Amino acid sequence: MSVMQTFFLQGSVSTLISSHSSVTSCRKVSVKFAVSCCSAASPMTVVVNGNVEKTPSDRNEVRLGLPSKGRMAADTLDLLKDCQLSVRQVNPRQYVAEIPQISNLEVWFQRPKDIVRKLVSGDLDLGIVGLDTVYEFGQGDEDLIIVHDALDYGDCRLSLAIPKYGIFENVNSMKELAEMPQWTPERPLRVATGFTYMGPKFMKENGLKHATFSTADGALEAAPAMGIADAIVDLVSSGTTLRENNLKEIEGGVIVQSQAVLVAGRKSLMQRKGVLDITHEMLERLEAHLRAVGQFTVTANMRGSSAEEVAERILSQTSLSGLQGPTISPVFCKRDGRVTADYFAIVICVPKKALYKSVQQLRAIGGSGVLISPLTYIFDEETPRWRQLLSTLGL
Ligand SMILES: Nc1ncnc2c1ncn2[C@@H]1O[C@H](COP(=O)(O)OP(=O)(O)OP(=O)(O)O)[C@@H](O)[C@H]1O
Ligand SMILES: O=P(O)(O)OC[C@H]1O[C@H](OP(=O)(O)OP(=O)(O)O)[C@H](O)[C@@H]1O
Ligand SMILES: [Mg+2]
């Protein structure tokens, strides 16, 4: 088979891809496929999704793609809302919407894989999807730029899994799997996966020369027990589905650790008016919100002779250093006709994980009246990811 993928359109296994074909050369979104109605000499070119030319089309609006369905859809809208970027959708079946806070931005609801394809084709400028989807459907396209790599939801990993039983009982690593004598050109390792780009690429990189791939749209974990496949490559989160189906992950078998990311097309960022500014604003809001999510503001009163003396006591405790250090203000009161400051109010930011420890440490050094409130945003002078993006773009 050549670099073209031949699609078998019937049967229980809908796609077969030879591991001998060069997976790294399948970089285009447009896939040529031969079907019985056309001759092999003149295969039809079918663009799976989007613009054939991969050039930014003639439009003035900036387009952001958001997942229209699946587990990422609601979480994405929630995240944007938390960043004061509520998406206004006229009705749930309409695929275009707006974010009133950002003018000239159109929101398009699409399936995650179509978001990536349309970023590649230039029909979308920005998108939020899982990193696994970017890798699978971006197929190594260097013009896809991850602007924010950790939006903190949709955590999962793309992993290879094999049965716990039979010939795999004592196989616990990719190396051991690759060295099994069973896999030959006549009897290759059969892998069921929805990741027909990442799956073969990973196997090849791990020295598994004899492998074939079949794909299905769900319930892949059933394939080994049904005798359809020897192994699977699929997303794993809690691991429950693997466990329930008597499958196991193996050492070196994680292909990618994934979570939701903000991704953009390089040409859009460089050439389309407004994309860079909107990206900057989104990045600032996302970073400020995500930094704040893990923190609380803690205020307390503390008796002391001076602000410096109180600061020294606070800084002697490891969990009380705050973001840049404590803010300390005198609390003035009038005693015997004189204004004095015997107490100081302190304000610090504390990681949620260290909250109780911080309260204990505060009490230990004389803190009282401890108040704790959630933080909404932490804006830094400049977001590190913005600097990183400008450098990636050579700006
Ligand atoms: N079990 C999981 N736990 C957490 N995140 C997951 C899990 N499975 C998938 N994801 C993440 O959510 C994204 C969307 O997955 P989801 O299953 O909701 O939609 P889909 O795969 O596009 O649709 P469908 O499964 O109906 O074909 C995945 O690309 C991945 O990043
Ligand atoms: O490790 P776990 O927490 O058990 O999650 C893993 C499962 O979640 C996803 O399936 P999904 O729920 O999207 O169903 P699908 O097969 O219909 O895509 C994935 O394809 C696994 O089957
Ligand atoms: Mg799914």
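The charged end of Lys-352 sits over the ring of Phe-296, 5.1 Å from the ring centre, where a charge sits over a ring if NZ of Lys or CZ of Arg is within 6 Å of the ring centre and within 35 degrees of the ring normal. This is a predicted model, in which local features need pLDDT of at least 70 and side-chain atom pairs count only at pLDDT 80 or more, while totals for chains, interfaces and linings use all residues. Residues are numbered from 1 along each chain as its sequence is written, chains are lettered from A and ligands numbered from 1 in the order in which they are written, and side-chain values use heavy atoms, with hydrogens and water left out.

Phe-168 and Trp-183 form a stacked aromatic pair, with 6.0 Å between centres and 20 degrees between planes; rings of Phe, Tyr and Trp (its six-membered ring) pair if their centres lie within 6.5 Å, and planes under 30 degrees apart count as stacked, over 60 as edge-to-face and the rest as tilted. Phe-168 is buried at a relative accessible area of 4%, and Trp-183 is buried at 7% (buried means under 20%, exposed over 50%, partly exposed in between, with a 1.4 Å probe and protein chains only).

Turning to the ligand, 14 residues surround ligand 1, the closest being Lys-69, Arg-71, Asp-132, Thr-133 and Ser-237, where a residue is near if one of its heavy atoms lies within 4 Å. An oxygen atom of ligand 1 is 2.7 Å from a backbone N or O atom of Arg-71, and an oxygen atom of ligand 1 lies 3.1 Å from a side-chain N or O atom of Lys-69.

Methods: Polar contact = N/O pair within 3.5 Å; in protein donor to acceptor, adjacent residues only side chain to side chain.
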